[in-house]
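Have the sequence and the viewer open as you read.

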Amino acid sequence: MFSRILVGLDGSKASWNAVFYAFEFAKRLNVPVVGIHVIDERLIEESFLEDLAGVLGFTYYEGISAKVKEFLENQADVLLEEFLSMGRSMGLKVSSFQTTGVPYREIIAQADKEDLLFLGKYGKRPVKGFLLGSTADIVIRRSLCPVFLCSEERRDIKKVCVAYDGKPLSERALEIGRFVRELFNVELYAIHVEQEEKVEPPNVENYEVLKGFPEEKIVEYCKEKSMDLLLMGAFSKGRLKEFLFGSITSFVIDHLQIPILLVR
């Protein structure tokens, strides 16, 4: 089902959990794993560093960006070497890719439709309080391949839930859910939160129909049933509807601390 596994590395706890899950999948699928590290080019712009110096009170001097870049590259080398060492110790086919750019652009550019991409939900901030946008959020919206999103909580995959609404993305999520069930020998559940239209029940032994707001019921169900992984479509609403009414995907990501596999 997947020809290659990619994992975004930034040194955060969530990204190391992404590595853990990526290796678990790769071991069972016997496919290569590529670790991707992107030095954010915005962090080494002179204008950004000058502003940062004013806020933090350190001395700015022209050309400081070269020193910052060297420091970030050294950090990247250590990070990627640890990743490669871990993968090789497990007998996996691992490689790495390092570049400088805007992280979400570089990660998306590396991913093909047949890949499975692992990311940490919360990336590592170079400076506390400075935000340059969420890489994970943009990647989920634009990626051609499914994205496995990890939090800082790690757990073994034993119970898998699919959020099902009868639409193509949820059918794809259910297909991948069945695949994961066989891959990890786990229990598979599917839920549908009924609103106006009724949906033909999928062929799943553990299937429940709930009533209420989809985003709230999905989160509530996963917590009550102690699910270890949720599969769902990624941002199926249009951006205008999402702006007016909110996104089910965003709500679930914000309120669940288990891994979420978002299907495109």
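In which sense do strand E1 (residues 4-8) and strand E4 (residues 115-120) pair, and over how many bridges? Keep in mind that you're looking at a predicted model. E1 and E4 run parallel, with four bridges between them.

Now zoom out. That pair belongs to an open sheet of 10 strands, ordered E3-E2-E1-E4-E5-E10-E9-E6-E7-E8, with mixed pairing. On average, neighbouring strands are turned by 20° against each other, if you ignore direction.

Next, the helices. H7 lies across E6, E7, E8 and E9, and runs at about 150° to E7. H9 packs on the sheet too, touching strand E5 (147-150), E9 and strand E10 (260-263), and its direction makes about 165° with that of E9.

So which residues of helix H7 (residues 214-224) are buried? They're Pro-214, Glu-215, Ile-218, Val-219, Tyr-221 and Cys-222. Those residues end up on the same side of H7 because they cover an arc of only 165° around the axis. The general idea is simple: an α-helix has 3.6 residues a turn, so residues three or four places apart point the same way. The buried residues of H7 pack against strands E6, E7, E8 and E9 and also helix H9 (248-255). Turned away from that buried side is the face with the exposed residues Lys-223 and Glu-224. After H7 comes Ser-226, with a positive phi near 55°.

Technical notes
Residues are numbered from 1 along each chain as its sequence is written. This is a predicted model: local features need pLDDT of at least 70, side-chain atom pairs count only at pLDDT 80 or more; totals for chains, interfaces and linings use all residues. Side-chain values use heavy atoms; hydrogens and water are left out. Buried means under 20% relative accessible area, exposed over 50%, partly exposed in between (1.4 Å probe, protein chains only). Helices (H or I, at least four residues) and strands (E, at least two) are DSSP runs, numbered from the N terminus. The arc is that of the directions from the helix axis to the C-beta atoms. Contact means heavy atoms within 4.5 Å. Two strands pair if DSSP finds at least two bridges between them. Axes are lines fitted to C-alpha atoms, for helices over the stretch in contact, and angles run from 0 to 180 degrees between N-to-C directions.
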